[in-house]
Amino acid sequence: MSDTIDLTPMIDGQRADPASHRIITQIDPANGLKSGEFAAAGAEAIDRAVLSSRRAFDGVWSALPPVARAGMLKSLAGLIEANAPRIAAADCRDMGKPIGAGMFEAGMVAAGFTRYYGEAVDKWPRGAVPATDAGAFEMQVRRPRGVIGAIIPWNFPAINLMMKIAPMLAAGNTVVVKPSELSPGSASIIAELAMEAGLPPGVLNLVQGDGATGDALVRHGGIDMVAFTGSTATGKAIMRAVGESTLKPVLLECGGKSPEVVFADMAGQDLDAIAAAILGGAMQNQGQICVARSRLYIEAPIYDELVSRIVTMAKATKAGDPSNPETRFGPLASARQKQIVEGFIAEAESQGGEILCDGRGALAESGGFYVEPTIIGQSDSSARIVQQEIFGPVLAVSRFEGENEAVRLANATPYGLAATVWTRDLGRAHRMADRIDAGMTKIMTAPVQRIGAGFSHSAEAAKQSGFGIEGGFGALDSYSRLQAVEFHYGDTP
Ligand code: NAD
């Protein structure tokens, strides 16, 4: 499984000089030891990458018949699937993702998104012909945007990468991508696989680095669009950078603090299964998931019964070495992430939060960044653990009574990424979906990974969780612009 991964930029189909001596040290989250280092790409390397993507856009990619792009994306999907063990090992080493989860994410989800967009290219409606005056004809057609700068977070390195670049490439754009400084390995493997799949040089360029590298990419005048997944704070910084440099469209997938609302009409249903779904929704990927249902609101009559089941299950969840295929719950991605999570728990404890399950101190002897599932009773909706994204395995629970209070609590944060509602009342389910601010709302189900028909799921976040549609045909629309072309064939011009 140990694979030496080249972490130099990939520009024009070849490994390239990062043109900088700014070294980023990599730390293995399972033991806290140094696992590698690489140079962050400098301004000159970013410039070369953008120019190369421009040449590839003008010279070959945008003019290729969609079916040719489709063929390469489908080949790439097959290669990602075949290389899932290498990709999973890279994410395991870089950000502590349990190897089993990494295999699923690369082999099923990242490959699945790539194949979906390979198959969607020639089925996507590229435009419309609206009604016009007699003797005139207007065609509204989608054109690729050009060179897109894509910035990726570390929590689902392979999925977030392919969910972004597969529709970008399918729609005829070329891409300069920057993975997170915490998880450059899997993107480097996938960039090589893209060459093997036949993508012409420059269609997908890769620059490694941190926030400064991302900032330079965002500000570059040769970039036609920026697409970002990451925190709301960085999303705001990107908006500022775009405002201060060349104006370009921006798509932002940012942070969340998503609510899970359980109505008392669920009494008598399988509360163990519901408890497992709730815990999974909050703790998947060690809670490091944008759509984590990290606030749980339970209607008073079933509060005690449901909370006690969730706490029992949480206490039984044990962290382990992420390289062990049996491990379901690994370390957090970095020392910083662990410190942030423990800081939130300590603050909640000092401010009257009731610690129902305490995940601190797990596997301390390993030197790794472990925090196990933590559940905190907190009725004050202004508390920081209720208001702010923690991005770790911490679930804040409180009780409510009635629909209006549920809506008020669910909407009481700056975020609007996702929500889950448990109710047997169909009318109530629709009212909740309508009233809770969320880009995606699940009714009576866990927020599981999207496979199968889920690849076609398009959504746009609400409030400060970002904007721009990702997923499905909606992403192909996002990564293209609508041009109107009018033909006149009447007597008067
Ligand atoms: P982050 O914002 O710290 O970093 C994300 C990426 O942006 C990294 O590649 C980083 O190097 C880069 N970056 C940092 N500063 C930058 C700047 N000024 N200009 C340009 N690029 C910059 O986020 P993270 O810690 O890597 O990821 C966790 C966050 O991502 C959480 O807030 C999570 O909710 C969010 N996220 C959102 C979604 C979604 O679909 N909405 C999906 C996954 C993660």
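I began with the open sheet of three strands, whose order I read as E5-E6-E22 and whose pairing is antiparallel. Its edges are strand E5 (127-128) and strand E22 (480-488), and because each has a single partner strand, one side of each is left without a neighbour in the sheet. I note here that I am working from a predicted model. Looking at how E5 is held to strand E6 (residues 136-144), I found two bridges in the antiparallel sense, and in this pair Gly127 stands opposite Val141 of E6.

I then turned to the open sheet of seven strands, which I traced in the order E14-E15-E16-E13-E12-E18-E19, with mixed pairing. Strand E14 (354-357) and strand E19 (440-443) stand at its edges, each with a single partner strand, so that one side of each is left without a neighbour in the sheet.

Helix H10 (residues 300-315) lies across E12, strand E13 (293-299), E14, strand E15 (374-377) and strand E16 (394-400), and its direction is at about 145° to E13. Helix H11 (residues 335-350) lies across E14, E15 and E16, and runs at about 30° to E15.

I followed H10 to its packing with helix H9 (residues 271-283), where I noted an angle of about 60° and axes 9 Å apart. The two helices, H9 and H10, are therefore oblique to each other, and H9 passes H10 in a right-handed crossing. On the H9 side the contacting residues include Leu271, Ile274, Ala275, Ile278 and Leu279, and those they meet in H10 include Leu306, Arg309, Ile310 and Met313; Asp272 of H9 and Glu305 of H10 are also among the residues listed for this contact.

I checked the cysteines and found zero disulfides in the structure. For Cys290 the closest cysteine sulfur is in Cys254, and at 10.0 Å it is too far for a bond, since a disulfide requires sulfur atoms within 2.5 Å. Cys290 is partly exposed, with a relative accessible area of 31%, whereas Cys357 counts as buried at 5% relative accessibility.

I also looked for positive phi values at residues other than glycine. Ala19 has a phi of about 55° although it is not a glycine; this residue lies in the loop between strand E2 (14-15) and strand E3 (23-27) and is partly exposed, with a relative accessible area of 30%. Leu363, likewise not a glycine, has a positive phi of about 45°; I placed Leu363 in the loop between E14 and E15, where it is partly exposed at a relative accessible area of 27%.

My last entry concerns Ala233, which I located in helix H8 (residues 232-244).

Terms used
Residues are numbered from 1 along each chain as its sequence is written. This is a predicted model: local features need pLDDT of at least 70, side-chain atom pairs count only at pLDDT 80 or more; totals for chains, interfaces and linings use all residues. Side-chain values use heavy atoms; hydrogens and water are left out. Buried means under 20% relative accessible area, exposed over 50%, partly exposed in between (1.4 Å probe, protein chains only). Two strands pair if DSSP finds at least two bridges between them. Helices (H or I, at least four residues) and strands (E, at least two) are DSSP runs, numbered from the N terminus. Contact means heavy atoms within 4.5 Å. Axes are lines fitted to C-alpha atoms, for helices over the stretch in contact, and angles run from 0 to 180 degrees between N-to-C directions. Angles under 35 degrees count as roughly parallel, over 145 as roughly antiparallel, 65 to 115 as roughly perpendicular and the rest as oblique. A crossing is left-handed if the near helix is turned anticlockwise from the far one by less than a right angle, and right-handed if clockwise.
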